[in-house]
Amino acid sequence: MAEHTNGSTIDPKSGYSPSNSTFYSKRKPIPLPSNKSLDVTTFISSRAHKGKIAFIDAATGKQLTFSDVWNAVESLATCLFVDMGIRKGYVILLLSPNSIYFPIICLAVMSLGAIITTTNPLNTNREIAKQIKDSNPVLAFTIPQLVPKLTGSNLPVILINGEQDSITHTHKFNHGNFKIVGNLEKMIQKKTCESRLKERVIQSDTATLLYSSGTTGASKGVVSSHRNLIAMVQTIVGRFKLDEEGEQTFICTVPMFHIYGLAAFAAGLLASGSTVVVLSKFEMDEMLSSIHKYNATYLPLVPPILVALVNNADMIRKKYDLSSLKSVLSGGAPLSKEVIEGFLEKYPNVTILQGYGLTESTGIGASTDSLEESRRYGTAGMLSPSMEAKIVDPESGKTFPVNKTGELWLKGPTIMKGYFSNEEATASTLDSDGWLRTGDLCYIDEDGFIFVVDRLKELIKYKGYQVPPAELEALLLTHPEISDAAVIPFPDKEVGQFPMAYVVRKSESTIPDSAVMDFIAKQVAPYKRIRRVAFVASIPKNPSGKILRKDLIKLATSKL
């Protein structure tokens, strides 16, 4: 047993301390700045690095150098402060696909002490309106094609690219719907004589408000501080040894509005001098062409894309030169032995690295940092630096040692402040000592590797996206011919899981499964669509009325 700073004894093999039932990270702790008056933008911009090109737009080839980025951030922040009156604590909505301007907007907003909230461009008007109502932004950034999704919001809008004339004139701009108040490129180029008064931003202030389904299903705003983001940046830079390796090139296909994309690209890589090639959306051919064209070294992705790379390897290798690629980074779900070994057989010079994190932990939690670690098949990795964990029995609250399954609790510098304006949800997810209940059933083995066994939380993972069953069930119950419904995850090799609905028709109804699927498809983003329907006489529930999803999952998968 080894001594820890707090006097507890720790098993150096597992990281477990029996004196307080806590697992400690075996990785080197991350350095965190002691200066309380520090925003994440200043922290990133003041880091020394040798990089030249920060972002490349894969579609147009447009490049932004690091000096371009920081000049743009300063110009935009000044315009927002002087011309738009944006102040510390104001919420700004960013509705956009991946773009080389996405990080500039985030960094400019956060430098003012204002708060950035992002949303999925695939979300419907209804879903976006719900987030706007909850987060109460004072301004929105979006692209011309997505302006109609803000209809009825009354939000002033800054266009990320294009002019007001490029938007269809069927939308009223100044009559209660929305008003175009600026153009991002013009604001970035504007040389203002006025200087802005820098408001004091401290590390504990809120920086981002990202929406997550959390452990219960309903979408909630996750409040992350500047300190959370600074710790996330330090973890990423340390994990990839980017300070030591020098300039690297990352391909960005994962969505920047999501914590996975925001963590890696809007902050983490800017801090190390690496180059990020940005794809506005995932498209396999464009991704592979970009690796070839820009000699990319790192490729972050989700498991279904990795599976596609394995299944189509022969065709891919004939058409594309991927010899520059050193590592693929997979997040969203642990990879099986078959997928890992299949990939290594087809791409022997590429290392697979995996990661586990939640929006509530600023994307940080556990990772495999070498091929040897990834070959501990099925693992989510070892605890990230400066992270602590407990394995807790969800029923009794008892804590467990190695190789015992319970709910994973996490504690560390990247854990959120709480849920926005939702004390009840915060109290049920964060305890008074700062432990985050992840909602994942896990065990930690004798070598300190975490294995996710099941989900306590009922989220469906479709291509890495989270789909809350409760939201789809609530929509199904609004259909005049449906008396009851339950939604479960159905396993699928291509996408991981997709939503399947069990539906109880009202008497005399003969509604077909296609009509049920169409009803939902019109109201939700494509990744949330129900793709299979079964009709039943009743939905199994426990005495308190909770749906027995496990019984339905067993029924659905028994025929596979």
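Buried means under 20% relative accessible area, exposed means over 50%, and partly exposed covers what lies in between (1.4 Å probe, protein chains only). These legends describe a predicted model, where local features need pLDDT of at least 70, side-chain atom pairs count only at pLDDT 80 or more, and totals for chains, interfaces and linings use all residues. Residues are numbered from 1 along each chain as its sequence is written, and side-chain values use heavy atoms, with hydrogens and water left out.

**View 1. Threonine 119 sits in strand 8.** Helices (H or I, at least four residues) and strands (E, at least two) are DSSP runs, numbered from the N terminus. With a relative accessibility of 2%, threonine 119 counts as buried. Leaving aside residues up to four places away in sequence, threonine 119 touches Leu93, Leu94, Leu95, Ile128, Gln131 and Phe257; contact here means heavy atoms within 4.5 Å. Methionine 256 is 137 residues away along the chain from threonine 119, yet their C-alpha atoms are separated by 9.6 Å.

**View 2. Strand 8 (residues 115–119) is largely enclosed by the rest of the structure, since five of its five residues are buried.** In a regular strand, side chains alternate between the two faces of the sheet. Here both faces are covered: Ile115, Thr117 and Thr119 are buried on one side, and Ile116 and Thr118 are buried on the other. Strand 8 pairs with strand 7 (residues 91–95) in the parallel sense, over five bridges; two strands pair if DSSP finds at least two bridges between them. Look for valine 91, whose bridge partner in strand 8 is isoleucine 115. Between strand 7 and strand 8 the chain passes through helix 3 (residues 102–111), giving a right-handed β-α-β crossover. Right-handed means that, with the strands pointing away from the viewer, the path from the first strand over the helix to the second runs clockwise.

**View 3. Helix 2 (residues 66–82) packs on helix 3 at an angle of about 50°, with their axes 8 Å apart.** Axes are lines fitted to C-alpha atoms, for helices over the stretch in contact, and angles run from 0 to 180 degrees between N-to-C directions. Helix 2 and helix 3 are therefore oblique to each other: angles under 35 degrees count as roughly parallel, over 145 as roughly antiparallel, 65 to 115 as roughly perpendicular, and the rest as oblique. Their crossing is right-handed; a crossing gets that label if the near helix is turned clockwise from the far one by less than a right angle, and left-handed if anticlockwise. On the helix 2 side, the residues that meet helix 3 include Trp70, Leu76 and Leu80, and among their counterparts in helix 3 are Ile104, Leu107 and Val109.

**View 4. Helix 10 (residues 303–311) and helix 12 (residues 337–346) pack at about 45°, with axes 9 Å apart.** That angle makes helix 10 and helix 12 oblique to each other, and their crossing is left-handed. Leu306, Val307, Leu309 and Val310 come from helix 10, and they meet Val339, Gly342, Phe343 and Lys346 of helix 12.

**View 5. Helix 15 (residues 469–476) and helix 16 (residues 513–521) have axes that come within 10 Å and cross at roughly 110°.** Helix 15 and helix 16 are therefore roughly perpendicular to each other, and the crossing is right-handed. Leu472, Leu475 and Leu476 of helix 15 meet Val516, Phe519 and Ile520 of helix 16. Helix 16 also belongs to a right-handed β-α-β unit with strand 30 and strand 31. Strand 30 (residues 496–505) and strand 31 (residues 532–535) run parallel and are joined by four bridges, with methionine 500 partnered by arginine 532 in strand 31.

**View 6. Valine 452 lies in strand 26 (residues 449–455).** Valine 452 has a relative accessible area of 27% and is partly exposed. Not counting residues up to four places away in sequence, its contacts are Tyr356, Ala380, Asp440, Leu441 and Cys442. Tyrosine 356 is 96 residues from valine 452 in sequence, and 9.6 Å from it in space, C-alpha to C-alpha.

**View 7. Asparagine 136 sits in the loop between helix 4 (125–135) and strand 9 (139–142).** Most residues other than glycine have a negative phi. Phi of asparagine 136, however, is near 55°, a positive value. Asparagine 136 is exposed, with a relative accessible area of 57%.
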